[in-house]
Amino acid sequence: MALSACKVNQAGSGPAARLLPIGAQQPFDPAAARSKLALAPTQVMVLGITHLDTAPGNFQVAWLEPVLCRLRAYKPDVILTEAMSGEQIVALDAYSAYHGTAGRYAGPSLNMAKAAQTDLKLTAPQAFVQANLLCQKGELTPVERRRLASLFVAAAEPFSATVQWMRLAPAERVAADGVSPALVKNLNSFAGLRNEIASMAARLAADVGLERLYGAGDHMSDVASPSSEAMKAAVAAEPGLTDLFNHNTPEFRAVPEEALKMAAASEIMPVFKWKNSPRFGELDADAQCQSMLRSDKIGSIGRQWVAAWEAQNLRMAVAIREATAPIAGGRALLIVGAAHKPYVEAYLRTFADVELVSVPALLDAKPVGCAE
C-alpha cells in the first residue's frame, strides 16, 4: 500500500477511525526473550549529565575524577555520546534544503571534515571505511594513530579523532601522516574542551583503550518539531507551564538545584546522583513533555513537540542497539543530557538482550582507588 509523502488524513476521519481495539490477547514482547538468552545480556548504562559547557566559569575538569574513576571501573566496551554521528552530519549537510544547515549543531565538525577531505582527497564515506578498517587492526603505531585521527576528522567524527590524539604521547601529537598543522591546532583544542564529550567520553575511551566514540545524538527529527515561535506562544498560553519548564515548582524546589551548579568539587557527586535519580527523571519528563499532553491550550503544537522528542530519543536508543551489536554480553555507556535518560532507558527496556545498569549504584560504589 503506497501513501503520499505529502498528504496525511486528518485524525479521527476515514475508515481507520472505526477500527476496533486489538483485543485482550497477550501482545508480542521482544523483551520477553531476555529470560532465555544463551549468552549474558548486554549491559547498558545511561549516564545523565548537566551539560558541562553550561557550568560556572570556575568549574574544573579535574573535579570529575571521582565519577571518571567509577566509569573506568565499569570498563565499557562501547561509549556513545550526544554528539551526532558523522553519517548524520554529512546527511544533514546534503539535505540542508530540507533540514536546514547542519552547521547549527555541528559547524566545527563539518568545517574540519571538509578541510581534511581536501587534504586526504577522500570523501566522508571513503574516510570512514578506511578508519573502520584501521580501528580493527589493533596495536596501532603512532603513525597509524595520526592517520586514523585524520580519517576520523574527514568522516565528521572529530571526537573519535580526539580519542586517537589523547592516546598519542604528547611528543607524537605532530603534523604528519595526514594531520596538517591546522588540524594539530584543532585537535589540541578539542582535547582541551571542558564539555562532557571531550573531558569525559573521549578521556574515558582513551583511558580504557578504546579506539573511538559513537554518536547517538539526533537532529533529523527536528524537522518534525513546531517552530520555536509557535512553541513559545503555546507554552506562554498555558498557566504554570513556564514554571514547570524552569523547574520552578514545589517538587523541584524541595531539592536545592540552585546549590548544585558544580561550582565546587564537593557539588559534583551530588549533581550526578540527583540527575540520575528516578525522582529527577520522573519530574523532568513530566515538566518538559507529559505536561504538554495534558494541555488543551497547547493542543496539536504540544503533540507535535512530543512526537519530535520521542523520535529523537528513539533514534538514540537505535544508535545504542546498533553500536552494541558486536559486543553481545559486553558493556556500553551513553553519556547524555539528563532529560533524555528516562526516555532512552524506557525504549532500551523493550530490546531483547539489553540490561540496564544502575547509575546510582555505580556512584554509590567505592572501587579501590576512587575518591568520594
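Predicted model: local features only at pLDDT ≥ 70, side-chain atom pairs only at ≥ 80, totals over all residues.

Me: Which element gives the most residues to the lining of the largest pocket?
Reply: That pocket has a volume of about 1200 Å³ and is lined by 44 residues, with Glu 82, Tyr 105, Asp 218, His 219 and Gln 312 nearest its centre. Elements giving two or more residues to the lining include strand S2 (78–84), helix H7 (158–167) and helix H15 (300–324). The biggest giver, with five residues, is H4.

Me: By class, how many charged residues are in the lining of the largest pocket?
Reply: Asp and Glu count as charged, while Tyr goes with the nonpolar group. The lining has 21 nonpolar and 15 polar residues, and the charged ones come to eight.

Me: And the second largest pocket: which element gives the most to its lining?
Reply: This one has a volume of about 750 Å³. Its lining has 29 residues, and the closest to the centre are Arg 212, Tyr 214, Ala 319, Glu 322 and Ala 323. S2, helix H2 (86–94), helix H5 (124–135), S3 and H15 each supply at least two residues. The one that gives the most, five residues, is H15.

Me: How many nonpolar residues does the lining of the second largest pocket have?
Reply: Ala and Tyr belong to the nonpolar class, whereas Arg and Glu are charged. In this lining there are eight charged residues and seven polar ones, and the nonpolar count is 14.

Me: Which helix provides the largest share of the lining of the largest cavity?
Reply: There's one cavity of 30 Å³ or more, and the largest holds about 40 Å³ of space. Its lining is made of Asp 284, Ala 285, Gln 288, Cys 289, Trp 309, Ala 339 and Tyr 343, which divide into five nonpolar, one polar and one charged. Four of these lining residues come from residues 278–294, helix H14.

Me: S2 keeps coming up. Which residue in S3 stands opposite Leu 80?
Reply: S2 is mostly covered, with six of its seven residues buried. It runs parallel to strand S4 (residues 331–337), joined by four bridges, and there Val 78 has Ala 332 as its bridge partner. On the S3 side the strands also run parallel, with three bridges, and the residue opposite Leu 80 is Tyr 214.

Me: How many residues of H7 are buried?
Reply: H7 is one of the elements lining the largest pocket. Among its buried residues are Phe 159, Val 163, Trp 165 and Met 166. H7 is mostly covered, and out of its 10 residues the buried ones number nine.

Me: What is the relative accessibility of Val 44?
Reply: Val 44 is in strand S1 (residues 42–49). Val 44 counts as buried because its relative accessibility is 1%.

Me: Which class does Lys 75 fall in, buried or exposed?
Reply: Lys 75 is found in the loop between helix H1 (65–74) and S2. Its phi is near 50°, a positive value in a residue other than glycine. With a relative accessibility of 52%, Lys 75 counts as exposed.

Me: Last one: what is the relative accessible area of Asp 177?
Reply: Asp 177 is in the loop between H7 and helix H8 (181–191). It isn't a glycine, yet has a positive phi of about 60°. Asp 177 is partly exposed, and its relative accessible area is 30%.

Note on methods. Residues numbered from 1 in each chain as written. Heavy atoms only, no water. 1 Å grid on protein atoms, 1.4 Å probe; cavity = no way out; pocket = protein on both sides within 12 Å on 5 of 7 lines; lining within 4 Å. Points joined across faces, edges and corners; volume = space filled by probe spheres on them. Buried < 20%, exposed > 50% of the residue type's maximum accessible area, 1.4 Å probe, protein only. Pairing = 2+ DSSP bridges.
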